[in-house]
Amino acid sequence: MTQTVAVLGTGKIGEALLSGMIRGGWPASKLLVTARRSDRAEELRTRYGVEAVSNAEAAKRADTLILTVKPQDMAKLLDELAPHVPAGRLVISGAAGVPTSFFEERLSPGTPVVRVMTNTPALVDEAMSVISAGSHATAEHLAHTEEIFGSVGKTLRVPESQQDAATALSGSGPAYFYFLVEAMTDAGILLGLPRAQAHDLIVQAAIGAAVMLRDSGEHPVKLREAVTSPAGTTINAIVELEKHGVRAALIAALEAARDRSRELASGNS
């Protein structure tokens, strides 16, 4: 926490990371932020006590640069940063689908790059951040990245070849659960429950199930079987899910998300 870290393009995820680092004990004096709009930069400065600077100034002063702009804006940002980033500066990318080679080709030879795919539960310190090293990143760079992203949840190291799969499963994963909760809420209303009650029942069931999955160490099949009594309500519901191909649809959906991540990596918008 003695290094200076700059968060560039500080949107929702960037701000969640910033606030998590401060809660984790990172001194505000060691944090820099950049934002496209001056009013946004001032908002961050006032809220967190950090210094708002230009992208070029951040590149010159920070030991670590965390790039949180959208994938389609990354090339323009790198063009702006390249003259100011020395080879030893750690660059962390949070852009979906953009490989570390994209950065290495545009920055000084030997620049260490780490690719991270986090997700929106970073806003409540329950993120899953998947970390991969570029060709010049060392174990120390990975450990430093874990220290930063560990402030907003859990981290997992994977080979970069698995990043597209991780994006499909974890980066986009919260949206699938929200979609499922939305559908189950509608079902609850159909069954005669008020929307608020249906929502509360489903959300608590989801939280309880997630905690059991995390803490019990049991396979999800065993946990499901514990709820599924012979000729009971649960097995009838599961039979209908299987009839409608829900399992196959989920697999196809994740394959589609992975393929889209690959398209983004190849530059197809």
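**View 1. Arginine 106 and the ring of phenylalanine 102 in a predicted model.**
In this predicted model, arginine 106 lies over the face of phenylalanine 102, at 3.6 Å from the ring centre. The ring of phenylalanine 102 also takes part in an aromatic pair, and its partner is phenylalanine 103. The count of aromatic pairs comes to 1, and the pair formed by phenylalanine 102 and phenylalanine 103 is edge-to-face, with 5.8 Å from centre to centre and 75° between the planes. The pair counts as edge-to-face because its planes are over 60 degrees apart. Both phenylalanine 102 and phenylalanine 103 are buried.

**View 2. The packing of helix α7 against helix α8.**
Two packed helices are described by the angle between their axes and by the distance between those axes. Here helix α7, which covers residues 163–171, and helix α8, which covers residues 173–190, pack at an angle of about 30°, and their axes are 5 Å apart. On the α7 side the contact involves Ala168, Leu169, Ser170 and Gly171, and these meet Gly173, Pro174 and Tyr176 of α8.

**View 3. Threonine 167 and its contacts.**
Threonine 167 is found in helix α7, and it counts as buried because its relative accessibility is 8%, which falls under the 20% limit. When its neighbours within four places in sequence are left aside, threonine 167 is in contact with Ala96, Met117, Ser172 and Ser261.

In the model, the span of residues 160–264 is 83% helix and 0% strand, and its end C-alpha atoms lie 15 Å apart.

**View 4. Aspartate 125 and alanine 231, two loop residues with positive phi.**
Most residues other than glycine have a negative phi. Aspartate 125, however, has a phi near 60°, a positive value, and its place is in the loop between β6 (113–117) and β7 (127–133). With a relative accessibility of 28%, aspartate 125 counts as partly exposed, because this value lies between the limits of 20% and 50%. The phi of alanine 231 is likewise positive and near 60°, and this residue is placed in the loop between α10 (220–227) and α11 (233–243). Alanine 231 has a relative accessibility of 75%, over the 50% limit, and therefore counts as exposed.

Definitions and conventions. Residues are numbered from 1 along each chain as its sequence is written. This is a predicted model: local features need pLDDT of at least 70, side-chain atom pairs count only at pLDDT 80 or more; totals for chains, interfaces and linings use all residues. Side-chain values use heavy atoms; hydrogens and water are left out. Rings of Phe, Tyr and Trp (its six-membered ring) pair if their centres lie within 6.5 Å; planes under 30 degrees apart count as stacked, over 60 as edge-to-face and the rest as tilted. Buried means under 20% relative accessible area, exposed over 50%, partly exposed in between (1.4 Å probe, protein chains only). A charge sits over a ring if NZ of Lys or CZ of Arg is within 6 Å of the ring centre and within 35 degrees of the ring normal. Axes are lines fitted to C-alpha atoms, for helices over the stretch in contact, and angles run from 0 to 180 degrees between N-to-C directions. Helices (H or I, at least four residues) and strands (E, at least two) are DSSP runs, numbered from the N terminus. Contact means heavy atoms within 4.5 Å.
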